[in-house]
Amino acid sequence: QVQLVESGGGLVQSGGALRLSCAASGRIFSINVMGWYRQAPGKERELVALITSGGNTNYADFVKGRFTISRDNAKNTVYLQMNSLKPEDTAVYYCNADLVDGNRLRRLYWGQGTQVTVSS
């Protein structure tokens with residue numbers, strides 16, 4: 001099976017920075033859009049940023065100017081550079097990929113999530 005594994009989460013102070021990584025592994029034919037979502041306690045999961053295979057990006061308003069999404073297609077990996085972190089950014093961050101596997105089945109895949117905690 002295809003798997004997405006996140007890394008890079010942790011505890012930082014307000015104003016600090018973290019870099020999240022998410023690597024897709026397994027039998028992968030192609031990957032279109034990859035993205036990051038987050039879910040804070042008591043809230044619904046929300047979009048943080050998306051990036052297409054061609055490098056086009058889309059950001060949620062609450063992270064514009066602070067976060068940067070990028071990807072390395074050769075490594076099947078998507079990154080999220082998070083700067084100027086705020087306590088409100090505290091959440092579990094999940095990566096997502098719209099991909100076609102080795103059996104030519106296309107669907108969305110999700111990572112298990114990585115905790116980001118920003119202290120004041």
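**Strand pairing in the predicted model**

Four strands make up an open sheet in the order E1-E3-E8-E7, and their pairing is antiparallel. Strand E1 (3-7) and strand E7 (67-72) stand at the edges with a single partner strand each, so one side of each is left without a neighbour in the sheet. On average, and with direction ignored, neighbouring strands of this sheet are turned by 15 degrees against each other.

*Pairing of E1 with E3*
- Strand E3, which covers residues 18-25, runs antiparallel to E1, and the two are joined by 5 bridges.
- Within this pair, Leu4 has Ala24 of E3 as its bridge partner.

*Pairing of E4 with E5*
- Strand E4 (residues 28-39) pairs with strand E5 (residues 46-51) in the antiparallel sense, and the pairing extends over 5 bridges.
- The bridge partner of Trp36 in E5 is Ala49.
- E4 and E5 form a hairpin with 6 residues between the strands, and in this hairpin Gly42 takes a positive phi near 80 degrees.

*Pairing of E5 with E6*
- Strand E6 (residues 57-59) is joined to E5 by 3 bridges, and these two strands likewise run antiparallel.
- Ala49, the bridge partner of Trp36, also stands opposite Tyr59 in E6.
- The hairpin formed by E5 and E6 has 5 residues between its strands, and Gly55 in the turn has a positive phi of about 100 degrees.

*Side-chain direction*
- In a regular strand the side chains alternate between the two faces of the sheet.

Methods
Residues numbered from 1 in each chain as written. Predicted model: local features only at pLDDT ≥ 70, side-chain atom pairs only at ≥ 80, totals over all residues. Heavy atoms only, no water. Pairing = 2+ DSSP bridges. Axes fitted to C-alpha atoms, helices over the stretch in contact; angles between N-to-C directions.
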